[in-house]
Amino acid sequence: MNFFAGLLLLMMPEENAFWTLVGIIDDYFNGYYTEEMIESQVDQLVFEELMRERFPKLASHLDYLGVQVTWLSAPWFFSIFINILPWESVLRIWDVILFEGNRVMLFRTALALIELYGPALVTTKDAGDAITLLQSLTGSTFDSSQLVLTSCMGFLSVTNAKLYELSEKYRPDVLLIVEERAKIGRQVWKDSKGLASKLYNFKHDHESLMEERKSAKDSVDGDASKLEPRSLYLDELLSSLNADSEVDSLPDLQERVGWMKVELFRLLEEKRAAVLRAEELETALVELVKEDNRRELSAKIEELEQKVADLHQGLADKKEQEAAVHKVLMQLEQEQLITEDARKHAEQDAAEERNTVIVLQEKYEKAMASIALMEDRVAIAESILEATMQSEPGLTKVPSPPQTQLDSARRKVEGLLSFGLKWRDKSKGKSEESTEGKSNLSTQDKENPGHG
């Protein structure tokens with residue numbers, strides 16, 4: 001409870017912190033911090049059932065590793081996530097717990113942590129690795145908003161009524177276990193009454209004494225393999241002792257105490273040798289596990305390095321492709337600019353040619369009008385000439401000068417007209433070639449859309 005007191009003292013004066021602590025323990029966690037811890041045991045069983053119901057794959061994996069769910073959830077529930085989660089997340093969870101007035105948020109938050117970090121636990125291959133990984137992951141839960149949202153919205157089915165129902169289901173079993181433990185404790189206290197006398201009688205048994213000396217000699221030599229038969233023999237003898245023997249029937253008290261000291265020192269020596277042997281075995285096992293982990297880690301590192309190299313190679317290839325595509329696009333843009341300039345020049349030339357044709361057309365019309373006027377004059381002159389010739393029969397018919405001038409003017413106009421028509425046909429041909437070039441360019445762009 002010192003964690004609770006430390007957190008409350010950061011928020012309020014000392015007396016207020018004390019009464020707040022009393023209120024939280026009595027109203028919200030009643031039965032958690034008693035000698036039997038009945039409510040805490042019940043909540044652990046309830047949480048285990050909820051977790052197995054929601055995450056069966058993870059529960060099966062933990063069973064395979066030999067990890068009990070209580071090992072994970074008990075520190076969370078007893079400390080209400082203090083020293084488990086970052087301070088901001090702890091305060092957000094406490095706000096919800098105090099606001100709702102029950103322990104529902106406690107279960108929802110634990111289930112949310114299992115949902116967030118359960119996939120990582122499934123990848124572990126050792127019980128110690130699973131517990132260590134979960135501790136490190138929960139300690140980095142700095143996004144309190146995500147945690148509270150996952151807890152409150154992802155586990156709406158976890159209600160106070162459901163928790164009460166499951167608690168009533170498991171409470172009789174917990175009470176039965178607590179009662180059995182209490183009976184065993186009382187029986188052990190009762191049997192200890194005549195233990196000294198029975199040990200003294202055991203000392204005077206010759207065969208037992210020879211076995212004892214042999215075991216003591218083996219323990220001095222450091223052979224831990226002899227400990228188990230001797231301990232089993234001693235346990236069988238102690239279990240056969242009668243609990244109703246009286247201490248008053250013992251012989252000399254000082255002799256009894258001395259023998260018990262020797263027996264105690266011998267047992268301590270055996271225990272020390274067994275502890276040393278166990279530590280050696282544990283050290284050897286840890287080294288083997290570390291070596292195995294190093295090999296697996298080296299293999300994973302090599303695999304990751306190969307993947308990184310492949311990614312770098314793919315990235316380089318992609319950059320080369322992008323450079324080639326960019327170069328093609330630049331060439332297309334340059335060609336398009338050149339084509340656009342040519343189109344503009346062609347349009348300008350066509351406009352100039354159209355203007356020239358219009359001017360020539362106007363001149364042609366003026367020339368035709370002049371020819372028509374001259375034809376009229378020639379007709380008048382011919383009529384006058386015929387009249388004169390009729391009046392004067394002796395005159396010879398000679399081509400009139402106006403007719404000669406008219407023919408020359410007509411030839412000039414026809415030449416000018418033919419030049420204008422040739423110029424117009426030439427202009428039309430250029431404009432058609434420009435239009436055909438633009439259509440061919442647009443057709444090529446449509447046929448090659450990948451370059452865009």
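Q: Which residue takes a positive phi just after helix α5?

A: Just after α5, the residue Ile80 takes a positive phi of about 50°, where helices (H or I, at least four residues) and strands (E, at least two) are DSSP runs numbered from the N terminus. This is a predicted model, in which local features need pLDDT of at least 70 and side-chain atom pairs count only at pLDDT 80 or more, while totals for chains, interfaces and linings use all residues. Residues are numbered from 1 along each chain as its sequence is written, and side-chain values use heavy atoms, leaving out hydrogens and water.

Q: Is His61 buried or exposed, and what does His61 touch?

A: His61, found in helix α4, is buried because its relative accessible area is 15%. Leaving aside residues up to four places away in sequence, His61 touches Leu121, Val122 and Thr124, a contact being heavy atoms within 4.5 Å. A polar atom of the His61 side chain lies 3.2 Å from the backbone oxygen of Val122, and a polar atom of that side chain lies 2.9 Å from the backbone oxygen of Thr124.

Terms used:
Buried < 20%, exposed > 50% of the residue type's maximum accessible area, 1.4 Å probe, protein only. Polar contact = N/O pair within 3.5 Å; in protein donor to acceptor, adjacent residues only side chain to side chain.
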